[in-house]
Amino acid sequence: MLTDEIREIIADALEITPEEVDVEARLEDLMADELSLTDIASSLEDQYSIEISEEALDSFKTVEDVISFVEANLD
């Protein structure tokens with residue numbers, strides 16, 4: 001399932017468990033910084049063959065934002 005895959009990618013980048021990545025969680029509350037967000041974006045781009053612009057990356061505030069972006073940009 002897409003949501004679970006994205007939660008796992010975020011968890012890997014933040015060195016936490018996927019269970020700690022609540023869909024409604026704010027990325028800053030999960031201690032995501034600019035470097036970890038870049039890692040997340042890179043992993044998502046590789047996994048789903050999508051492109052994430054700097055503007056899109058800056059718009060990610062919650063885990064749900066990330067999931068919605070990926071869903072909207074899948075072929």
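Helix 1 passes helix 4 in a right-handed crossing; right-handed means the near helix is turned clockwise from the far one by less than a right angle. The contact joins L2, T3, I6 and I10 of helix 1 to V63, V66, I67, V70 and E71 of helix 4. Contact here is heavy atoms within 4.5 Å.

A word on the source. This is a predicted model, where local features need pLDDT of at least 70 and side-chain atom pairs count only at pLDDT 80 or more, while totals for chains, interfaces and linings use all residues. Residues are numbered from 1 along each chain, and side-chain values use heavy atoms, without hydrogens and water. Helices are DSSP runs of H or I, at least four residues, numbered from the N terminus.

Back to the pair. The axes of helix 1 and helix 4 come within 10 Å and cross at roughly 125°. Axes are lines fitted to C-alpha atoms over the stretch in contact, with angles from 0 to 180 degrees between N-to-C directions.

Now helix 2, residues 34-48. Helix 1, residues 2-14, packs with helix 2 at about 140°, axes 9 Å apart. That crossing is right-handed too. On the helix 1 side, the contact includes E5, I9 and A13. On the helix 2 side, D39, I40 and L44 are among the residues.

Which residues of helix 1 are buried? They are L2, T3, I6, R7, I9, I10, A11 and L14. Buried means under 20% relative accessible area, with a 1.4 Å probe and protein chains only. These buried residues pack against helix 2 and helix 4.

Last, the end of the helix. Just after helix 1, E15 takes a positive phi of about 55°.

Definitions and conventions: Helices (H or I, at least four residues) and strands (E, at least two) are DSSP runs, numbered from the N terminus. Buried means under 20% relative accessible area, exposed over 50%, partly exposed in between (1.4 Å probe, protein chains only).
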